[in-house]
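Which parts of this chain pack against one another, and how do its aromatic rings pair? The paragraphs below go through the ring pairs and then the nonpolar cores.

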Amino acid sequence: MSDKAPHTVQGTDDLLVSLCNSVTRVLNVASTCNVQYSGMVQRIKKTYLKPDIGCFVLFDGGFSGLVIINFSAASAMELYRSYLLNMGMSESDLASSHTSDEVSNVMGELMNQVVGDFTGKIRRELQTHITQNQPKMLVLNKQVQLSVDANLDNPEARRVTFYTASNNIFYLELAVDSTEFIKLHDFDANEVVDPDAIIAQAAPNHASPDTAAVSQQTTGDSETEALLKSLGM
């Protein structure tokens with residue numbers, strides 16, 4: 001009888017759990033909003049950007065995929081306000097509407113931290129490498145629904161519901177090529193990223209929100225336009 005341990009296999013749902021944990025881990029540290037996700041997941045055929053604020057990130061490398069997070073206005077504002085108040089900003093300095101450019105910029109920054117946490121775990125735990133584009137935030141009219149085609153060969157898609165401390169809801173959708181990672185031998189999943197360090201590094205960006213917004217807009221407009229065009233949007 002073989003003394004070898006059975007191979008550990010990780011597939012789409014394991015990637016999804018890792019991503020969901022990155023969302024809750026980063027947002028809870030950043031905003032103290034006690035974000036949680038449902039114990040149930042939906043199998044879906046396609047992924048969509050939906051109102052009120054949609055965010056999408058494409059990644060490639062060891063495997064290809066697409067992450068979308070659709071925020072309601074209430075959930076976006078709760079996270080935005082909690083994050084900046086937690087960073088020491090005053091109530092009077094905060095935007096009052098989810099359509100504000102500052103809200104989109106801050107939510108985009110939070111999503112960048114989430115994806116960074118996720119890609120770090122992929123590198124450590126699956127020993128592969130993925131790269132991603134800068135997260136794109138779109139404020140959407142309630143009458144508009146955009147379908148994003150990530151051009152995957154054999155896609156699998158999932159949707160998970162998230163809840164904030166105030167019971168505001170947002171949804172995460174993941175589409176990836178069908179794949180499995182099989183553990184061949186034991187290894188140490190080291191180099192753990194501290195989410196507090198991620199937040200601390202982002203803190204200087206909020207010393208002047210207007211400056212940060214101008215910088216992000218200047219560097220990101222052409223990239224956003226090219227990416228949306230490649231997605232047929």
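**Aromatic pairs and nonpolar cores**

Ring pairs join Y37, F71, F162 and F170 into a cluster. The model is predicted. Across the whole structure, a search finds 6 aromatic pairs. One of them is formed by Y37 and F162, which are tilted at 45° between the planes, with 5.6 Å centre to centre. This pair links distant parts of the chain, since Y37 is in strand β2 (residues 36-37) and F162 is in strand β10, 125 residues apart. F162 has a relative accessible area of 0%, so F162 is buried.

Another pair, F63 with F181, is edge-to-face, at 5.8 Å centre to centre and 75° between the planes. F63 is in the loop between β5 and β6, while F181 belongs to strand β12 (residues 181-183), 118 residues apart. Both of these residues, F63 and F181, are buried.

In soluble globular proteins, nonpolar side chains tend to be buried together. The largest nonpolar core here has 44 residues, and those touching the most other members are F71, Y80, M111, F170 and L172. Elements giving two or more residues to this core include α1 (12-31), α2 (73-86), β10 (155-163) and β11 (169-177). The largest share, 9 residues, comes from α3.

M111 shows what such packing involves: beyond its neighbours within four places in sequence, M111 is in contact with L27, C55, I69, F71, P135 and M137. A second, separate core has 11 residues, among them I44, L58, L66 and L152.

Technical notes
Residues numbered from 1 in each chain as written. Predicted model: local features only at pLDDT ≥ 70, side-chain atom pairs only at ≥ 80, totals over all residues. Heavy atoms only, no water. Core = buried A, V, L, I, M, F, W, Y, C linked by side-chain atoms within 4.5 Å. Buried < 20%, exposed > 50% of the residue type's maximum accessible area, 1.4 Å probe, protein only. Helix = DSSP H or I, 4+ residues; strand = E, 2+ residues; numbered from the N terminus. Contact = heavy atoms within 4.5 Å. Phe/Tyr/Trp six-rings, centres within 6.5 Å; stacked < 30°, edge-to-face > 60°.
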